[in-house]
There are 2 protein chains.
Amino acid sequence: MSTGITYPKGFKTSALNCGLKQSKLDLMIVTSDPPATPAGVFTKNVCCAAPVILSKNHINSEKIKAILVNSGNANAATGDEGYANAMKCVEELATRLNCIPTEILMSSTGIIGVPLQSDKIINSLDVLIKNLSENNDENAAQAILTTDTFAKKAVCEIELSGGKIKIGGIAKGSGMIMPDMATMLAFITTDVEIDKHILKVALKKAVDKSFNRITIDSDTSTNDSVIILANGASNVALTEDDKITFNEALESVCIDLAKMIVRDGEGATKFVAVIAEGCKTENDADKIARSIANSPLVKTALYGCNPNWGRVVAAAGKSGVSFDQNKLDVYFNGVLTVKNGLKANADPKILKKEFEKQGIEITVNINSGNSQATIWTCDLSHKYVDINVNYS
Amino acid sequence: MSTGITYPKGFKTSALNCGLKQSKLDLMIVTSDPPATPAGVFTKNVCCAAPVILSKNHINSEKIKAILVNSGNANAATGDEGYANAMKCVEELATRLNCIPTEILMSSTGIIGVPLQSDKIINSLDVLIKNLSENNDENAAQAILTTDTFAKKAVCEIELSGGKIKIGGIAKGSGMIMPDMATMLAFITTDVEIDKHILKVALKKAVDKSFNRITIDSDTSTNDSVIILANGASNVALTEDDKITFNEALESVCIDLAKMIVRDGEGATKFVAVIAEGCKTENDADKIARSIANSPLVKTALYGCNPNWGRVVAAAGKSGVSFDQNKLDVYFNGVLTVKNGLKANADPKILKKEFEKQGIEITVNINSGNSQATIWTCDLSHKYVDINVNYS
């Protein structure tokens, strides 16, 4: 029973080692029968990779037949040659799948600035296609990893007005050991029948509530991509009434995958949710939560199990949001630690105990509105420095 | 011979231990005779400290008689009581110096959220005043430190149309061991006779080119302040023709102090200048240089002596500035490493050697304009994590 990308009807996948990595799986394909309506969200980094440029174009196609993904090489900062290499792979795959190249998407993750050995990929396409199956889920999730420590999969089944539909997804986060890896990739499949524009809006919304709410180290990669394919194989068409149900289900799959990425963050020892409440706008709340989640001083304090509320106050204050510091409350795992901008009477022993837990919720309330936002992050550890210093 | 804050005529200083720290100097005063025209630039953190609120008000006075500075306690997140404590110190000092309280400025640095023991400060004022001298420069620079590893002083003498004038300054950066310290303070004195508005503009400009161009860990403190006092004791008045000369001299003193702060950054092993060139606007150049300087992935690579140009390219690309990645050039200490967005033929041995140096200049040119900006920073080391994890 599939628990990932082939959970919905009509999707098959296959993975192998094509030689970009020494022996681990490094090439994956997912196909859709019938061809699927696509939507995608891509990195805003202007130095984006060749496969990102290619997929941004091809995502405009009405239908997509397959996604080709390699790990071990990001095909970023590789110029025109990099684009030609990606296009060659896609053209060769299209010929074999009896479709046109614009019906194929491609993603890459791995080292930046090294030419992609496209011949290794092309030489593996026949075997890759031959092995396509509904039971290769785990291999597919493994093949897109760089040096993540575990495969990331999530599924969901919901009842719409026309019947049941399924959503499945896989993702990768920032890796370890190899220094150039900080790519976030996610591929989501669903067998619902859905209009392209509605799918695009739903994906954008879900990404804003999930992948765009996590931060490991504030560095945005050249290859970040989230792609969804909807093939209608369930024979259930999304109605106007189903929209909210579908959006919520898609959001929950995306949140599950996003949280797995944070848990597997480089050197992470803690999973941290930063919640900003009582803000005038959601944008303000996002800024405050993000400023706290990205603060190296807050992150090292979390690693040290150190209930250093002064750093949280200072990080909220530098967020660029204007608020009255005398109205600021801070809670750690629900324990009121700062009230009206001043130290509250929290029991230091209880606080210390909460900080030794693996999961920490930092709630900041500026008491000036009804909007809130959550950002998920991890701590900053010695191991983060180790991982990113070592160069092999 | 003074090499700091009493280098210009008419300034005296004195420092002692008042008991906020165990035995190190923790209280400093600098006085001006005649009283000086002031200007100041303060933290934009909305959770700013009580002495910052006080000094922001008092800086509007025509003349300032003295600045009182304590270390060991930031008097931040201390509410109305914190403000009352700061005001009590200032009032007691004003009585003793025969001036009004608004003619005194105050700065504090140290732990956040702990009530200031103002009685310790007040009980020390008589001795502090008695010991005022032109030869206490080094003590004054020491007393404002938290756990910086060295005192930071800079001076400059210039010839204006009316004669010679002097500028002197001291500063502190982010400390070590104690976890709440990330304050930047600088005090500058000059004996030029200058209009208050012109002084304010000159300070703003100089700070924008110096202290606002450094980043240790992207965390903005609750107490950051730069204050200048100009007392006219040289009997040389600044003329319209002198403006550029004076501005440049003030800028050079500020840059000297700012660079010392970076060299003494928490856990720093390298001094790094990031220069963004060929930009449409200075604002664009600033964004690109800052994005690279704040990237944990770039900073850990620098610590590891790792010429990882892919991270520099990715950090430039995520800056929010739109540019053509195929026009991007990157130099490390002048060695062309990326040309037109692609790996150039830099000798890996030469590159490795440059990265082992203590000073590294990263130059990024997007070849689309004539504006440039420089940001100074340091690397991200194991020691940074050590320093900020330990809580005593």
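Q: What share of the contacts in chain A with a separation of 6 or more is between residues 24 or more positions apart?
A: This is a predicted model, to start with. In chain A, 80% of those contacts join residues 24 or more positions apart.

Q: How many helices and strands does chain A have?
A: Twelve helices and 15 strands.

Q: What is the radius of gyration of chain A, and what would a compact globule have?
A: Chain A has 22 Å. A compact globule of 392 residues would have a value near 21 Å, so the two agree. The C-alpha atoms fill a box of roughly 70 × 55 × 35 Å along the principal axes.

Q: And what percentage of its residues is buried?
A: Buried residues make up 60% of the 392 in chain A.

Q: Switching to chain B. What is the strand order in the seven-stranded open sheet?
A: The order is β8-β15-β10-β14-β11-β12-β13, with mixed pairing.

Q: Which strands of chain B stand at the edges?
A: β8 (214–215) and β13 (342–343) of chain B. Each has a single partner strand, so one side of each is left without a neighbour in the sheet.

Q: How does β12 of chain B run relative to β13(B), parallel or antiparallel?
A: Antiparallel, with two bridges joining them. B:Lys339 stands opposite B:Leu342 in β13(B).

Q: Which strands does helix α8 of chain B lie across?
A: α8 (residues 282–293) lies across β8, β10, β14 and β15 of chain B. The helix runs at about 25° to β15(B).

Q: Now between the chains. At what angle do α12 of chain A and α9 of chain B pack?
A: About 70°, with the axes 8 Å apart. The two helices are therefore roughly perpendicular.

Q: Which residues meet there?
A: A:Val385, A:Asn388 and A:Val389 meet B:Leu297, B:Thr300, B:Ala301 and B:Tyr303.

Q: What about phi of B:Ala77 and B:Asn98?
A: Phi of B:Ala77 is near 55°, a positive value. Phi of B:Asn98 is also near 55°. Most residues other than glycine have a negative phi.

Q: Is B:Asn98 buried or exposed?
A: Exposed, with 8 other C-beta atoms within 10 Å. B:Asn98 lies in the loop between α2 and β4 of chain B. B:Ala77 is buried, with 28 such atoms within 10 Å. B:Ala77 sits in the loop between β3 and α2 of chain B.

Terms used
Residues are numbered from 1 along each chain as its sequence is written. Chains are lettered from A and ligands numbered from 1 in the order in which they are written. This is a predicted model: local features need pLDDT of at least 70, side-chain atom pairs count only at pLDDT 80 or more; totals for chains, interfaces and linings use all residues. Helices (H or I, at least four residues) and strands (E, at least two) are DSSP runs, numbered from the N terminus. The radius of gyration is taken over C-alpha atoms; the globule rule is 2.2 Å times the number of residues to the power 0.38. A residue is buried if 20 or more other C-beta atoms lie within 10 Å of its own, exposed if 12 or fewer, and partly exposed in between; C-beta atoms are placed from the backbone. Two residues are in contact if their C-beta atoms, placed from the backbone, lie within 7 Å. Two strands pair if DSSP finds at least two bridges between them. Axes are lines fitted to C-alpha atoms, for helices over the stretch in contact, and angles run from 0 to 180 degrees between N-to-C directions. Angles under 35 degrees count as roughly parallel, over 145 as roughly antiparallel, 65 to 115 as roughly perpendicular and the rest as oblique.
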